[in-house]
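Morning, everyone. I have one structure to show today, and I'll keep it brief.

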Amino acid sequence: MTLFRIMIIDTHIHNVKAFKWNNLYRGCLIPKPESFNDVDIENLNNLVKQEISGRDEITCFASVNPENGVPEVDRAVRELGFKGLALDTEANFKFSHDAIWRLFEEIHELDVPVFIHSEPDRINFDLDEVNEAIISFPDVNFIFAHLGIRKGEDFIRIVPETNAFFETSNISGDFITETLENITCDRLVFGSNAEKEYPLEEIQKINSLPISEDDKHKILFSNMADILDLKLPEDNPKEKFGSFVSRFITKFQ
């Protein structure tokens with residue numbers, strides 16, 4: 001399989017410039033706040049809305065101040081048309097905080113996913129608290145960046161919950177293969193963590209996994225398509241998927 005013979009939804013892009021690589025079927029823009037001040041967050045979401053205007057291939061997740069996020073995520077989803085919430089662990093919030101639970105209650109009402117933007121060296125939330133939130137909001141899909149890996153801890157212990165998903169960027173193919181000994185491909189979504197130049201090696205990493213083509217398709221496309229409730233532009237996607245891919249390949253060759 002070559003890079004140009006697959007459909008891709010990228011769950012983790014940080015810069016609109018990365019969308020210059022237009023073989024993406026869709027990408028999720030995850031803003032990176034420089035400040036979690038309410039005014040700065042509102043301005044960031046407004047700026048992002050302007051940047052993605054007319055770009056149907058971009059799905060945006062809203063930034064919030066985690067301690068006061070309900071009004072802004074409601075505005076971003078209902079007024080700006082954003083399709084998810086991005087929580088950045090740089091804000092040092094705790095999953096046990098009442099404000100976070102109110103935020104998840106609002107997300108449940110809005111029926112959008114939550115992207116948890118964590119880094120391996122940020123140890124600022126308790127895994128039991130994370131697990132309690134995931135269990136308590138079974139209809140909310142939680143997506144954890146970089147497989148949720150943190151130094152010294154196996155984050156995959158929360159995987160019994162089917163509403164927890166893990167994004168693949170910045171994780172070695174060998175580690176993903178090991179992870180698949182404990183969970184199925186249904187729980188992984190592709191991401192690149194792209195800033196400007198698109199890192200095609202992240203796609204090749206998934207292509208090189210010792211799994212079936214159907215499972216690669218789940219990771220690269222269909223799992224996130226289900227989370228975002230995206231539909232192929234065909235009456236019967238399963239029967240007509242081949243013709244759609246043919247047009248996709250022709251368009252970008």
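Start at the N-terminal end of α1. A side-chain oxygen of asparagine 37 comes to within 2.8 Å of the backbone nitrogen of valine 39. Keep in mind that this is a predicted model.

Now the helix. α1 covers residues 38-51, 14 residues in all. From first C-alpha to last, α1 reaches 20 Å, close to the 20 Å expected at 1.5 Å a residue.

Which residues of α1 are buried? Ile41, Leu44, Asn45 and Val48. They sit on the same side of α1, because they cover an arc of only 95° around the axis. On the other side, Val39 and Gln50 are exposed. So what do the buried residues of α1 pack against? There are three elements: β2 (26-29), β3 (58-63) and α2 (70-78).

Next, the cores. The largest nonpolar core has 58 residues. Leu29, Leu87, Phe104 and Val114 touch the most other members. Helix α3, residues 98-110, gives the most to this core, with 5 residues.

Happy to go back to any of it.

Conventions. Residues numbered from 1 in each chain as written. Predicted model: local features only at pLDDT ≥ 70, side-chain atom pairs only at ≥ 80, totals over all residues. Heavy atoms only, no water. Helix = DSSP H or I, 4+ residues; strand = E, 2+ residues; numbered from the N terminus. Expected span 1.5 Å × (residues − 1). Buried < 20%, exposed > 50% of the residue type's maximum accessible area, 1.4 Å probe, protein only. Arc of directions from axis to C-beta. Contact = heavy atoms within 4.5 Å. Polar contact = N/O pair within 3.5 Å; in protein donor to acceptor, adjacent residues only side chain to side chain. Core = buried A, V, L, I, M, F, W, Y, C linked by side-chain atoms within 4.5 Å.
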